[in-house]
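Here is a short briefing on one chain. The model comes first, then the points by topic.

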Amino acid sequence: MIKTYAQAIRDCIAQEMKRDTDVFVMGEDIAKQGGIFGCTRGLLDEFGKERVRNTPISENGFVGAGIGAACAGMRPVVELMYMDFVYVAMDQLLNQAAKIRYMFGGKAKVPMVIRGQQGIGRGNGGQHSQSVEVMFMHIPGMKVACPSSPADAAGLLRTAIRDDNPIMFFEHKALYATKGEVPDDEDFSIPFGKANIVQQGTDATIVATLLYVSKAMEAAKILEKQGISVEVIDPRTIVPLDIDTIIESVKKTGRLVTVHEAHKTAGVGAEISAQVTERAFPYLDAPPIRLGSKQCTLPFNLELENAVIPQVDEIVSAVKQSLYKE
């Protein structure tokens with residue numbers, strides 16, 4: 001069935017709430033309003049206020065409540081209105097949710113999902129447009145999903161809800177209206193730690209996340225017209241990271257370009273490049289190239305916003321640079 005990215009998320013949550021009465025949702029304006037992008041629209045009428053809970057504007061408070069509910073046997077799906085606000089709840093997430101299983105010798109579990117949107121595209125400025133996924137790549141005890149399509153959003157979210165660990169689930173606001181085929185199977189899921197080879201290629205490997213998967217494909221089409229064959233890989237999850245698939249691709253192509261919307265410095269691309277260099281250096285015919293946002297606060301102005309983040313022509317140029325074509 002063709003669905004938008006937002007519909008895929010909404011339907012997956014509804015299906016899981018029907019399947020398991022321990023699943024409930026909570027967050028700011030998620031009940032009657034259905035969230036600012038409609039990802040919980042209609043759930044209040046279907047499941048009632050006990051399972052669709054509006055919260056005060058207190059991320060530290062309601063994330064903590066979600067952790068407590070998860071420890072008590074529930075499966076909360078907690079929505080942050082903007083992922084930028086996750087910083088307010090970092091102690092709850094990094095020192096509590098991520099460490100509870102360890103602190104209790106494996107006898108306790110925290111089956112919760114923290115989901116919400118991030119990224120550029122609406123001129124929301126420096127406090128409502130950041131990409132913060134890499135923050136959670138550094139902390140043991142949490143898994144991190146970054147779906148780039150409606151099918152991935154549904155399949156990864158179902159896996160996340162059924163997992164017994166805390167999951168950070170990053171969505172992109174510019175993807176909510178995009179459409180794609182989503183399997184009708186209400187058990188359809190995508191395993192964490194299994195990358196998607198979006199396109200096969202032989203000359204260079206591009207690893208991209210979230211919105212930049214589609215931009216990488218745009219670049220690949222331009223390069224194809226110029227006789228350059230590009231393999232595009234979407235990791236889908238960055239914890240666990242399917243580095244083996246990426247390395248096998250680099251062994252074939254000899255070149256690696258990583259691209260994401262988050263800042264280039266210490267980003268996901270930096271970690272991937274480092275691991276590839278450590279494990280597949282003899283196969284590299286050129287240094288890995290990283291693309292990411294410039295190291296500055298994201299501006300409100302849309303033209304300035306576009307000047308900060310990588311563009312398709314920059315991806316094309318990076319691939320050519322790795323091939324010594326420019």
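Two strands pair if DSSP finds at least two bridges between them. Helices (H or I, at least four residues) and strands (E, at least two) are DSSP runs, numbered from the N terminus. This is a predicted model: local features need pLDDT of at least 70, side-chain atom pairs count only at pLDDT 80 or more, and totals for chains, interfaces and linings use all residues. Residues are numbered from 1 along each chain as its sequence is written, and side-chain values use heavy atoms, without hydrogens and water.

- An open sheet of five strands has the order 9-11-10-13-14, with mixed pairing.
- Strand 9 (196–199) and strand 14 (289–293) are the edges; each has a single partner strand, so one side of each lacks a neighbour in the sheet.
- Neighbouring strands of this sheet are turned by 25° against each other on average, direction ignored.
- Strand 10 (residues 204–208) and strand 11 (residues 230–234) run parallel, joined by four bridges.
- Ala204 stands opposite Val230 in strand 11.

**Helix on the sheet**
- Helix 9 (residues 268–280) lies across strand 10, strand 13 (256–263) and strand 14.
- Helix 9 runs at about 155° to strand 13 (axes are lines fitted to C-alpha atoms, for helices over the stretch in contact; angles run from 0 to 180 degrees between N-to-C directions).

**Whole chain**
- The chain holds 11 helices and 14 strands.
- Its C-alpha trace spans about 60 × 45 × 40 Å along the principal axes.
- Of the 326 residues, 59% count as buried (under 20% relative accessible area, 1.4 Å probe, protein chains only).
- Residues 24 or more positions apart make 82% of the contacts with a separation of 6 or more (contact: heavy atoms within 4.5 Å).

Note on methods. Buried means under 20% relative accessible area, exposed over 50%, partly exposed in between (1.4 Å probe, protein chains only).
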